[in-house]
Amino acid sequence: MTYLFDRRRFNRVLGLTALSATVPTFLYKTGAILAGDAQRGIAPLPGLKDNHVLVLVQLAGGNDGLNTLIPYRDDAYYKARPKISIAADKVLKLDDRLGLHPEMVELHRLYKDGGLTIVTNVGYPNPNRSHFASMDIWETASPSHRIGRTGWIGRYFDNECTGVPGAMLGLRLGEQQALTFVGERSRTATFANPAVLDASVSRAAAKGLEKLSDIEPTGISALDFVQRTKNETRTLAQRLRSAVCDNKSPIDYPPFALCQSLKLVAQMIAAEIPTRVFYVTHGGFDTHSAQANRHAGLLQELSQALSLFQRDLKARGHLDRVLLLTFSEFGRRIEENRQAGTDHGTANVMFLLGGHVNPGIHGTPPDLGHRDEQGDLIFKIDFRAVYAGVLRDWLHADPTRVLNGKFDPAPVVKI
Amino acid sequence: MCRSPHDSPRPRNYLLALLSLLLMTITAAADQSGKPVWDVKAAGHLLSRTSFSASPEEAARLAALPLDRAVQQLLDEAAAAKPPKRPSWVRDQWINGGRRWSDMSAEEYLIILRRNSARNRAELADLKAWWLQQMMDTKAPLREQMTLFWHGHFTSGTNKVFNLSQGFYQQNETWRKYALGNFRDFLEAVTLDPAMMAYLDLERSNKTHPNENYARELMELFTLGVGNYTEKDVQEVARALTGWTLDAPPGTVIVKRPTAPDRLVFPSITREGLVPTFVPQWHDDGVKRIFGKSGRFGLKEVLDVIVAQPACGRHLAGKLIAYFGAHDPEGKLRERMAEAFRSSKYEIRPMLEVLFTAPEFYALEARGNQIKGPVRLLIGACRDLRLEVKATPTLAQFTALLGQELFNPPTVKGWPSGKSWITASTLALRCRLGEMLLDGKEITGTEPLGRQRLMALSQNPQEAAATTKRLLEIDAERAEMEKKDGIQVRFDADRLVAAKMADNPEKLVDALLERMVVTKVRSLTRLTLIDACAGVPAADRPALAIRLILASPEYQLE
């Protein structure tokens, strides 16, 4: 049995790739970067003004913002949620009005240490309460009445990374490609566990499998798409394997999904793989019934995973290159439902951490006294203003070339 | 590894490729009257999309009939298919064996919970394998294809509904029953399907707190699509659907015993049984206004109003076109299918008749240009290779790894399709299909990065570590249990090609490509296969060629 690829053969394979007239130039260039980045001191992505990395953490299902960042002095909160509200003496207090869920111990500590940014009341006009429509709105950064088909990071890659070579500017850990990454050109990769890329085959078949990964355009769009992906996967496999093998974690992460995902992201950041934006998902937030225990577990995982990631990068000296932000498609309704859960709502809370965040609470506490016609929270900060702040101040890009419309960049990053 | 002279495409093959391109442009998919050209290739296309696999023999048999007759025959077979035999653990009358009572000690309940969860897990693992076995063995594959379509359309998933293997079996049986039937009747069965009621929280939705989850998905995903209803409609439909719950089978002696504390009201530990039951005092019988109509609507009236919306037929037609594939850029086919739906009073079969006889379905742009879903890929390979297979939980796990776990779609929207099936990791796995089907080996390196936390652990680090350790032990036991049957396949090359054909690599490769690939074969694929076969003894050639075909980009398409 032999691996399809090993280090010795890697450069020769790249040489072979360069000979093939059918491979797009950007792939050839990716190969050159991959071969060269073992040398120290070279920025992961030549052509960009900085070596920054953005990590997106999707809280899928609609996180209950009111039980995450709790207005513990507000009677209206306790009145709306007789079964599932968090008692004021249990809340981890941030100031005299707001506090975190009792399971968010680590993020509470990070906040006290000045390493956490919290943005309140984030949303958009005319909120959509469908998971899919609202998640699409967040991922595409479109107005709610006209959802676009490209993602905001996809457009950032298209418009602001034109001179930057690379087939994995975006990397998603998960099963399906993230809409956030969809652009005119596919320059992102998706996988659930890098170990699956390690196919082991008999010697007799290895040579044939190798050649099947070459490209021969057919004019059949789906077939050509599969060919390109197969070709890119061949290059990716080797790079990821060495990122994982050569960059062991200095700290222990518990064996849970988000923790392990962020552990791998930290390894890849430390390996300086040519990726600008990582995307991981923490799912299960659609708490329509019996939410108390489940939500506590979700927030505990979020808190531990984020703070371990922060400590890990700090220990490796990479925290200054990294900005992480969490987002969710919507918050939940103010009133709990009959099954001790909550239904789909509107405005919500976002968290950011990294070496250069502008720490503290941005925005005012949720205002339960002023509700929309459905009885839900009214947003105060447009999520696209947060994106604009990230684009301008972290990725050094022009937000107007990425977002549909002008948004005043939220000051979430220290300039 | 260096490029040797004979690796580069030979000039002869450029000529061949050019010739076939020319042929493709002059062979239109439809004649001048707009009717599709019906030949063996077209029959192969129809079979590939509707029947998991298209053997040359089956395509020739179908092509001998006129198109209309061939499609009728396919639909007749699907409609007439007998329901498969139930798994042995399914019961006629299901009573919840996992109840929790308030006078029960935590230890006592934990024992019951563990036993109940273990049984349910084993049954669900068996259920997935059971369904795959039906798909592999059935004489009417279209019935199973449609059941799979509806499973992705009317989703319910085990990630939200716990310990309800019986409910998921019942749902599968119901979806199969109505798969080609009347949509209005189907929709009522869907609304009152136990697993669905649990999944979308219709169970116990009450007039004081109507739960909007089912009402919203009913219109957004199941019937009309976004933009064809208002937020107010969702709230009004939710009111109309209050009062339904799941109860014990009639005649059950109800134990008079106080139920678990209110805080812990998981339906999985409080429901008595799975019989949909109407509780009048929970129903909101006030006047509702839905799509401009007012009345004291309940379940039946709401469904009548919804299916009569013009958007309903169009929404379903669009979903069917996306599933089976057709080139319909202007939406004309969708309109014709929607019309067939309306004029037949909401029958499903007439929509399929229009689709499978449409020029758009046979258009050149549609041929061999759709990415196979994971279940289609696996079942297709088993049928293509005429494998003797006993479907096991380990085999079923393969489709999950490719993103299509039966009875557990990722979201209520069901499974994505097309390009979304292909990522770096799923493609790498697809190309390893031969390890499983030819060698009978489990595929390695596929475990998830981490497990779900599900509940908060103790803030005490020692206690948390102990719980974590126990969770990992449970995971290991489960993984062992799910693997215990392994992969059970027997591959026999003689069932596909005559033994002496292996003497000639070119003939062997062409015969296998013809049998297994429906899209265009790249000349590099054909030459790679021929070269590979020429380098090994004749006896090893069929398995090697098949392994490479399974790993080729071409095999991913239908």
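## Domains of chain B

The C-alpha centres of domain 1 of chain B and domain 2 of chain B lie 33 Å apart, the domain bounds being taken from an automatic or database domain assignment. Domain 1 of chain B covers 43–80, and domain 2 of chain B covers 106–249 + 271–304. Eight residues from domain 1 of chain B and eight residues from domain 2 of chain B form the contact between them, where two residues are in contact if their C-beta atoms, placed from the backbone, lie within 7 Å. On the side of domain 1 of chain B that touches domain 2 of chain B, the largest share, five residues, comes from helix H4 (residues 67–80) of chain B; helices (H or I, at least four residues) and strands (E, at least two) are DSSP runs, numbered from the N terminus. By class, that side of domain 1 of chain B has five nonpolar, two polar and one charged residues, with Ala, Val, Leu, Ile, Met, Phe, Trp, Tyr, Cys and Pro counted as nonpolar, Asp, Glu, Lys and Arg as charged, and the others, Gly among them, as polar.

## Basis of the model

This is a predicted model, in which local features need pLDDT of at least 70 and side-chain atom pairs count only at pLDDT 80 or more, while totals for chains, interfaces and linings use all residues. Residues are numbered from 1 along each chain as its sequence is written, and chains are lettered from A and ligands numbered from 1 in the order in which they are written.

## Helix packing in chain B

Helix H23 (residues 505–516) of chain B and helix H24 (residues 523–534) of chain B have axes that come within 9 Å and cross at roughly 130 degrees; axes are lines fitted to C-alpha atoms, for helices over the stretch in contact, and angles run from 0 to 180 degrees between N-to-C directions. H23(B) and H24(B) are therefore oblique to each other, since angles under 35 degrees count as roughly parallel, over 145 as roughly antiparallel, 65 to 115 as roughly perpendicular and the rest as oblique. From H23(B), Pro505(B), Glu506(B), Leu508(B), Val509(B) and Leu513(B) meet Arg526(B), Leu529(B), Ile530(B), Cys533(B) and Ala534(B) in H24(B). By class, this contact of H23(B) with H24(B) has eight nonpolar, no polar and two charged residues.

Helix H8 (residues 183–191) of chain B packs with helix H13 (residues 299–307) of chain B at an angle of about 135 degrees, their axes being 10 Å apart, and H8(B) and H13(B) are therefore oblique to each other. Phe183(B), Arg184(B), Leu187(B), Glu188(B) and Thr191(B) of H8(B) make the contact with Leu299(B), Leu303(B) and Val307(B) of H13(B).

## Chain A and helix H5

Chain A has 11 helices and 14 strands, and buried residues make up 60% of its 415 residues; a residue is buried if 20 or more other C-beta atoms lie within 10 Å of its own, exposed if 12 or fewer, and partly exposed in between, with C-beta atoms placed from the backbone. H5(A) is mostly covered, with eight of its 10 residues buried, among them Met135(A), Ile137(A) and Trp138(A). The cover over the buried residues of H5(A) includes helix H6 (152–160), strand S11 (322–328) and helix H11 (383–393) of chain A.

## Interface between the chains

In all, 70 residues of chain A are in contact with 72 residues of chain B. Helix H5 (131–140) of chain A is one of the elements that give two or more residues to the side of chain A that touches chain B, while H8(A) gives the most, with 10 residues. By class, this side of chain A has 32 nonpolar, 23 polar and 15 charged residues.
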